[in-house]
Amino acid sequence: MRVSNLKIGQILINSGDITEEQLEEVLQKQKTSNKRIADLLIEDKIVTEQQVCKALEKQLYIPYLDLDDIKIPEELNSVMSEELANSTMAIPVDLEGRFLTVAIADPLNYQGLKDISIATKYKVKPVIAEPSKITAKMREIYAAQKAMDDAKEFLESQGGGKTKAQLEAEAAAADANANDQPIIRFVNSMIEEAIFSKVSDIHIEPMEKCLRIRFRIDGKLQIYMETSPELIPSVTSRIKFIGNMNIAEKRIPQDGRINYKVAGKEIDFRISVLPSVYGEKIVMRITTSLGMDLKKENIGFLPENLAKFDHLVKSHRGIILVTGATGSGKSTTLYTALREVMSEDINIITVEDPVEQLQPGITQVHVNEKAGLTFAAALRSILRQDPDIIMIGEIRDGETAGIAVQAAITGHLVLSTLHTYDAPSSVARLVDMGIEPYMVSSALLGIIAQKLARRLCVECKEAYTPDQNERLGLDLDPNEPITLYRPVGCEKCGKKGYKGRIAVHEVMLLTTKLKRAITDGVSTDDLKVLAIEEGMIPMKENVRRDVLQGLTSYEEFIDMTISND
């Protein structure tokens, strides 16, 4: 193997990735560590894995391959076992004749390359890739196959004379971290794959001829797996057991919760079980914000709306409402607001059904209607707990709304949610619940309405010049030079053209004119017109700006605004 005389540290200095002082510091640190220079540089966040890989490319004359840019052919999935891939930190990426190209984290791992050659019976050509990307590709290659193998092993075990009831009981009773039973491994693999894929919901659906599992990613359901219907009872029992539900009760809906630990992080799931014709359908919602810090800057507010959000959360009394459809990120916005105001001298209490995200330093109450602990009952008790800020998971009825209004008027800051599609209609919703208009205007501070738009993949979005219909829809000058972007699809976004979502808002602050209009009982349409005059940016305008900035597409603009027109 041809090797450069330059050491990796010098190569990184020559490329401008590090300074001589940084290298000297790491060299001193290495004297008390068994780690390599490159590993220490990555550990201290001085360089990235990719920068090290490109330095190794120059040092060893072995090509670097960005695994994000390739799709591994399915026929290569069975060339190397998962155990071999893990032990060598390498995966197959191409096969040409007798030569197998493998992406490997450590190209100097000669024994690993030899083991791959012996196991596959191919001559091995290494390319360099980042360890994190190799791990991600391993999940992509082996996760679904591993789950299918576990399902197959479980089905084969059914031939051992065990009854359906015995299999259900075994599936339920095994330890949560057990790996010795195929149904346990099947459920664990499904959950872990959902977490790594940043799924919002897992749908486990009993069908006549199969068990279908779908993942909701960026708001759209995608099939993860379809397998034998014989798995339905055991998978259901297993999930109900770890969710602290009654596995023997199959006639009524049940709700539960799972706290699952993966890669050192605890992930909360909210579980809903609903009896159906072919068995119990399960929806598992991941309530932990995956890959997102609960910071106001990360929510997607326009600069003007962020200033309004700051103004609202700094208030000392009144009601702040966050409105939108189910799954529009209302809870995330509420928890972000709580994070903004948390301090040792403030008493914050929440009442939720269920508690979606556990927050240290906050007293959180889980509603239990069967035991008589309703939202209204919990709120009455909370008011005797000397709270400064109260967060109500959802205002569902007039009684809860009335207590919230009274709490706001008597000097508490109240945060809650409503299911309405825009900010002005929330006022009519409160009045419909029996709250007098003058009470609404007195208690309400502001309303944040939000939806989630799919974010264009930054790697593959395609620039184009809009046609006249698109210009008209976006209220653009017919002759103004403008560039829009549309989805294409690549490996990084799973061929969807979109990756992640962005929140769009309209924030209505209750100004003196708006309060007077609410007291006078003006219509929702007139209230909206007045709110815009008072500075509210309509949600349609928010989406329009995101389209012009290249964050989302014109088709998302149409999809999100057509219902508001």
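**Chat: rings, a buried glutamine and a sheet**

Modeller: Phe309 is buried, with a relative accessible area of 1%. Keep in mind that this is a predicted model.

Colleague: And Phe301, buried or exposed?

Modeller: Phe301 is buried, because its relative accessible area is 11% and the cut-off for buried is under 20%.

Colleague: How many aromatic pairs are there in the whole structure?

Modeller: A search of the whole structure gives 3. One of them joins Phe301 and Phe309: the ring centres are 5.0 Å apart and the planes are at 35 degrees, so this pair is tilted.

Colleague: What about charges over rings? Which residue lies over the face of Tyr498?

Modeller: Arg454 does, at 4.0 Å from the ring centre. Tyr485 has Lys461 over its face, with 4.8 Å to the ring centre.

Colleague: Switching to Gln450. Where is it?

Modeller: Gln450 is in strand β15, which covers residues 444-456.

Colleague: Which residues is Gln450 in contact with, leaving aside neighbours within four places in sequence?

Modeller: Among them are Val322, Thr323 and Gly324. Ser328, Gly329, Lys330 and Thr333 also touch Gln450. Further along the chain, the contacts include Val504, His505 and Met539.

Colleague: Which ones are buried in α10?

Modeller: The buried residues include Ile232, Val235, Ile239 and Ile242. Ser234, Thr236 and Ser237 are buried too, as are Arg238 and Lys240.

Colleague: What follows α10?

Modeller: Asn244, with a positive phi near 60 degrees.

Colleague: Last one, the sheet with β1. What is the strand order?

Modeller: The order is β1-β2-β3, in an open sheet of 3 strands with mixed pairing. The edge strands are β1 (90-96) and β3 (123-128), each pairing on one side only. Neighbouring strands are turned by 30 degrees against each other on average, direction ignored.

Colleague: In what sense do β2 and β3 pair, parallel or antiparallel?

Modeller: Parallel, over 6 bridges; β2 is residues 99-104. Leu100 stands opposite Val124 of β3.

Note on methods: Residues numbered from 1 in each chain as written. Predicted model: local features only at pLDDT ≥ 70, side-chain atom pairs only at ≥ 80, totals over all residues. Heavy atoms only, no water. Helix = DSSP H or I, 4+ residues; strand = E, 2+ residues; numbered from the N terminus. Contact = heavy atoms within 4.5 Å. Buried < 20%, exposed > 50% of the residue type's maximum accessible area, 1.4 Å probe, protein only. Phe/Tyr/Trp six-rings, centres within 6.5 Å; stacked < 30°, edge-to-face > 60°. Lys NZ or Arg CZ within 6 Å of the ring centre and 35° of its normal. Pairing = 2+ DSSP bridges. Axes fitted to C-alpha atoms, helices over the stretch in contact; angles between N-to-C directions.
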